[in-house]
Amino acid sequence: MKMETRGKADQWIRLADGKTLCFLCLRATCRASEEYLLRLRIAPGIAGVHCQTKLALAPPKGPRKALLEECKYGAECYRRNPQHFYEFFHPSLMPPAPPCESGCGRSAASGFKTCCKKCISAPPNLKVSIPGEHAELSGLYTASATRREHGLPVWKQSGGRGWLWKGHVWMMALSEDKVGGTSGLIAEDTGDSMPVRSPHLVAHWQAAGRGGWNKLEGMKVDIDAAAAESPTHDDFCQTREERESRLRQKANDVLKKFPGEVKPVAA
């Protein structure tokens, strides 16, 4: 909202007639599901709000939150009074933790890159989609119960010959004797970045061909949703996931009220 003079009096008016979210309201949507961001044409999100830096760890505990009562208005709180924020805790305004790098789909524990120790020991199944000449490597991949490379899981293609493992980067091949080595048909393309911990976090892939490695457009590695619904987690992880689920639903509820495109108000 902003102040404008109309006639002889100053009045507060709403910008864009309710079609625009102010920064505080936008901040509260930081956990919104991708389906709502897509519908509102702001997917994959706004940097610093819906998209967090890759270097970030889980955020520290909120200041004084154990001593504060949670705001009853939740993610829809639009108050600006500093006294209100001093007296009430607003969990929806805290940045979300990055995803667990083990690939379970949950958020990482505070100060860690994974959600819990039990999750690390039970990596999820992966769905791999590769267009073109390497389509043979597409399909469902399950983690080996006995084999690891560099302390990380090795995945085997169900009903196929494909293997996925971590060498110096994530790699794929059609032969088991390649597993553990540094050569294969497909590899993670790190560019100027560091290799990631789990293959579903890889942003770009490349394929071996004539003249060296070439960019592989359209390749995707995703967590198998069916397997991710019931992984093994400890009690603390389960409590944290329940809290995150509630906050995520509140963020979605905020965006449900905006049928059109949402744009942040300039400061």
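Predicted model: local features only at pLDDT ≥ 70, side-chain atom pairs only at ≥ 80, totals over all residues.
Residues are numbered from 1 along each chain as its sequence is written, and side-chain values use heavy atoms, with hydrogens and water left out.

Back to the strands: five bridges hold strand 7 (residues 139-149) and strand 8 (residues 152-157) together, and the two run antiparallel. Strands count as paired if DSSP finds at least two bridges between them. In their hairpin, two residues sit between the strands, and His150 takes a positive phi near 55 degrees. On to strand 6 (residues 126-129), which runs antiparallel to strand 7 through three bridges; here Leu126 faces Tyr141.

Now the charges. The whole structure has five salt bridges, each a side-chain nitrogen of Lys or Arg within 4 Å of a carboxyl oxygen of Asp or Glu.

| Pair | Closest N and O atoms |
|---|---|
| Glu136 and Arg161 | 2.8 Å |
| Arg248 and Glu241 | 3.4 Å |

Glu136 lies in the loop between strand 6 and strand 7 and Arg161 in the loop between strand 8 and strand 9 (163-166), so this pair ties together parts 25 residues apart in sequence. Glu241 is buried at 16% relative accessible area, while Arg248 is partly exposed at 27% (buried is under 20%, exposed over 50%, partly exposed in between; 1.4 Å probe, protein chains only).

Terms used
Helix = DSSP H or I, 4+ residues; strand = E, 2+ residues; numbered from the N terminus.
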